[in-house]
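Visitor: I have a protein model open and want to learn to read it. Where do we start?

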Amino acid sequence: MPHRSLLDSPHFEAAAMGDTVAGAANYRGLPASRAATGGWKSSIFVMAMEIAERFAYKGVAANLITYLTGPLGQPMASAAASIDAWKGVSQMLPLPVACIADAWLGRYRAIILASIIFVLSMGTLSLSSAFHIFRSGGHVAVFYVALYLVALGEGAHKPCAQAFAADQFDEKDPKENVARSSFFNWWYFGMCAGTAVTTMVSSYVQDNVGWGLGFGIPCIVIAVSLALFLIGTPTYRYYTTKEPSPVARVGKAFLVLIKSWRSKHRTNPAGGKVEGKENSEDLVEEVKSVFRLLPIWASCIIYAIIFSQTSTFFTKQAATMDRRIGPKFKVPPAALQTFISVSIVVFIPVYDRLFVPLARRYTGRPTGITMLQRVGAGLCLSLVAVVLSALVEMKRLQVARDAGLVNSPKAQLPMTLWWMVPQYVLIGVSDVFAMIGLQEFFYDQVPDAVRSLGLALFLSIFGVGHLLSSFLISVIDRATAKRGASWFSNNLNRAHLDYFYWLLAGLCVLELLAFFFFSRAYVYKKKGGDGEGNGDYRGGDADAALV
């Protein structure tokens, strides 16, 4: 990766006038040639890295509830809360890591560091699961240390890889800008392809061969992908900035705001300069642009809580059902999560090639619908999914009662796994709208200098959602257990997950009302050279292209 000083040299500025990308350098620190660097040929290496990262992370997360309630012997409610807490930490870590990457480390180096952490942590997980070298307490401690190292690797990789891949497209070039407009769709397509493969392969190996090998395969995959990522180094475009770090910029802006509050001129709080040539008004506007995202951020938390159930309670429900396909093959419970990924993989091309052109005819917008309209559609679908989940669980409990298996938690119920498939598919389709829409929104609507931070803010929605899910499960478990019957009993046939799903459905309705209110009031960031000015949710569109 080039040093910052190389981008400031007269040679760089002179060469940038030719067929090069303004502000970008190649791996030697010279101006990046448009033909030799960037575009799909470069982003494909980063996408391969992302697919491998999904393989590694999901190789742990998808079936973790089975490991905790099986070999580690934890109660179901405790295991689900532990998993949600771990996922919450892994999704919150991108916030501080993104600041470090944007300010000092750089996205390229952060991706390499994250991959090394993944290899070390996955290797430790594999060894601790295959060989119980320590006694029970020591084994559990080593396992959790390795587990949270996986979370650290996830936190370092997540915001940097996506922003680095998007950096390979020049927004000022018309052709590259068109390619960039569909980049987020295909990025998520790749993520879900990796998730689908790892969910099927890893869960089968973990359930039928062994946990050591089940955790070891993702370790090998991430090591190979790191080698491929390094091979692509000569093709990448590297951007550096003279701007202060995101933390420094926010700190300066807050100082300006505090001074303005103390002054009598509160209507013009940001006149003058801060440290030389930097305009304090611009600084304050950058911070305000981030703060304007917070209502949208907060009104998507319940969606994240709903999403967090797919790898915990959904899996435990599936384990009680008839999962036979043919005379011999039995589907691993965690493998049902594959339907989420498959539905995303199938629907993304439908959305990108059919839905967007059709919507474009009616709206006149290049993207078909606005980013927030896309997110809102996804939230509505998540509501339908959780209502369907509650109805299916009510049916499952009725089947257990009718079959006289209420007191037989390990018995297979006479109810096929296909009953659960529609809720997985609905979750997947809702992700195509909400998850991708949120990624694009938080990348697009933050200042250029802090885009890793914007993507980290997007990930923190799911971090807070997982942590709140852990909190809800713990509180509800204690409260209902005191009354004699926990909603999350270890005997799932006596539990009441349906009550929990109905609670989430009610919260989702309130979330939708808040989201529609805030989204209608939101004003999109003005694009450079956009003659239409600031668009909003109701009127002119401002998301014709990614920044």
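Guide: We take a helix, then strands, then cysteines. Keep in mind that this is a predicted model.

Visitor: How long is helix H11, and what span is expected?

Guide: H11 covers residues 211–231, which makes 21 residues. From the first C-alpha to the last, H11 reaches 31 Å. That is close to the 30 Å expected at 1.5 Å a residue.

Visitor: Which residues of H11 are buried?

Guide: Start with the general idea. An α-helix has 3.6 residues a turn, so residues three or four places apart point the same way. Now look at H11. Its buried residues include Phe215, Cys219, Ile222, Leu226 and Phe229. Trp211 and Pro218 are also among them.

Visitor: Now the strands. In which sense do E1 and E2 pair?

Guide: In a regular strand the side chains alternate between the two faces of the sheet. Here, E1 (residues 20–25) and E2 (residues 31–33) pair in the antiparallel sense, over two bridges. Threonine 20 stands opposite serine 33 in E2. The hairpin has five residues between the strands, and glycine 29 takes a positive phi near 90° there.

Visitor: What joins E1 to E3?

Guide: Two bridges do, and these strands run antiparallel. E3 spans residues 238–239. Alanine 25 stands opposite tyrosine 238 in E3.

Visitor: Is cysteine 160 buried or exposed?

Guide: Cysteine 160 counts as buried because its relative accessibility is 0%. Cysteine 380 is partly exposed, at 31% relative accessible area.

Technical notes:
Residues are numbered from 1 along each chain as its sequence is written. This is a predicted model: local features need pLDDT of at least 70, side-chain atom pairs count only at pLDDT 80 or more; totals for chains, interfaces and linings use all residues. Side-chain values use heavy atoms; hydrogens and water are left out. Buried means under 20% relative accessible area, exposed over 50%, partly exposed in between (1.4 Å probe, protein chains only). Helices (H or I, at least four residues) and strands (E, at least two) are DSSP runs, numbered from the N terminus. The expected span of a helix is 1.5 Å times one less than its number of residues. Two strands pair if DSSP finds at least two bridges between them.
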